[in-house]
Amino acid sequence: MATCVFLSATPAFAAEKVVLKYRVFRESLSVKELTDFTDNDKLSIPLRVGLKLAQQDPNKVRRYLTEPVKVNSIILGRVLNSPVGNVVLDQISEVIHTPSRKADRQAMRSALVLSASQDNDIKLIEVIKNYPSTEVEVDGDRLEKAYNQLRRLQGSLQNILGF
C-alpha cells in the first residue's frame with residue numbers, strides 16, 4: 001500500500017475497489033460501478049440491492065458523493081499539514097479509510113489535495129477515486145458525516161482567506 005503524498009494529476013496508485021459498508025451489509029464494488037452511479041445514475045445490481053437492504057435513498061447517497069465543496073487547493077494543503085488539519089483528516093478517515101486502517105491520515109491528505117488540485121473543489125467520489133490504495137472502505141452510514149466535515153473545512157478555509 002502506498003503511503004506517500006503525491007500531487008500528480010493522476011495517482012500512481014488509485015482505488016480500484018470500494019468496499020461499501022452499511023451496518024451488517026458489506027459489498028465490494030469496482031470504482032467504475034460507483035462512478036457509473038454518481039455520473040450516469042446507473043445502479044449496478046449489487047449496489048441497487050445493497051442500498052435497498054441498507055434502506056438508503058440512492059439520491060441522498062449520490063448527493064453526498066457528488067456535491068462539490070469549494071476550496072483553495074494551496075491553502076488546503078497547508079491546513080491539512082497542521083494540527084487542526086490532522087483532526088479533520090482523522091475525522092474523515094473514520095468514514096473513508098484503508099482496509100488495514102494504517103496510514104489513513106496520509107492517504108486521506110493525499111486524496112483530498114489531489115482532488116482539490118484538479119478544480120479547486122472536492123467531491124467525495126473524487127476522494128475515493130484518488131485514494132492511494134487499490135482498495136478503500138467507505139462507511140456508508142456515516143457518509144453524510146464526511147460530507148459535513150468537508151463543508152466545515154470549507155468554512156474554515158474561507159475564514160483563513162478572509163471571505
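Q: What is the mean pLDDT of the chain, and how many of its residues reach 70 or more?
A: This is a predicted model. The mean pLDDT of the chain is 85. A value of 70 or more is reached by 88% of its residues. pLDDT is the predictor's confidence, on a scale from 0 to 100.

Q: Where does pLDDT stay under 50?
A: That happens over residues 1–12. The model has 25 contacts beyond four places in sequence for this stretch.

Q: Which residues of helix α1 are buried?
A: Helix α1 covers residues 31–40. Its buried residues are V31, L34, T35, F37 and T38.

Q: Why are the buried residues of α1 said to line one face of the helix?
A: Look down the axis of α1. The buried residues fall within an arc of 155°, so they line one face.

Q: What covers the buried residues of α1?
A: The cover includes two strands, β1 (17–22) and β2 (25–30). It also includes the helices α2 (45–53), α3 (58–66) and α7 (124–129).

Q: What makes the contact of K32 and D36 a salt bridge?
A: Their closest N and O atoms are 2.9 Å apart. The cut-off is 4 Å, so the pair counts as a salt bridge.

Q: Why are K32 and D36 separated by about one helical turn?
A: Both sit in helix α1, and they are 4 residues apart, which means about one turn lies between them.

Q: Is K32 buried or exposed, and how do you know?
A: K32 has a relative accessible area of 56%. Exposed means over 50%, so K32 is exposed.

Q: Why does D36 count as partly exposed?
A: D36 has 23% relative accessibility. Buried means under 20% and exposed over 50%, so D36 falls in between.

Q: What makes K21 and E137 a salt bridge?
A: The side chains meet at 3.1 Å, N to O. That is within 4 Å, so the pair qualifies. This pair links distant parts of the chain. K21 is in strand β1 and E137 in strand β6 (residues 135–139), 116 residues apart.

Q: Why does E137 count as buried?
A: E137 has 7% relative accessibility. Buried means under 20%, so E137 qualifies.

Q: What do K70 and D121 tie together?
A: Their side chains meet in a salt bridge at 3.5 Å, N to O. K70 lies in strand β3 and D121 in strand β5, so the pair ties together parts that are 51 residues apart in sequence. K70, D121, K123 and E126 are linked in a network of salt bridges.

Q: How many salt bridges does a search of the whole structure find?
A: The search finds 14.

Q: How many aromatic pairs are there?
A: The count comes to 2.

Q: Why is the pair of Y22 and F25 called stacked?
A: The ring centres are 6.4 Å apart, and the planes meet at 25°. Pairing needs centres within 6.5 Å, and stacking needs planes under 30 degrees apart, so the pair is stacked.

Q: What makes the pair of Y64 and Y147 tilted?
A: The centres are 5.9 Å apart and the planes are at 40°. Y64 lies in helix α3 and Y147 in helix α8 (residues 143–161), so the pair ties together parts 83 residues apart in sequence.

Notes. Residues numbered from 1 in each chain as written. Predicted model: local features only at pLDDT ≥ 70, side-chain atom pairs only at ≥ 80, totals over all residues. Heavy atoms only, no water. Buried < 20%, exposed > 50% of the residue type's maximum accessible area, 1.4 Å probe, protein only. Arc of directions from axis to C-beta. Contact = heavy atoms within 4.5 Å. Phe/Tyr/Trp six-rings, centres within 6.5 Å; stacked < 30°, edge-to-face > 60°.
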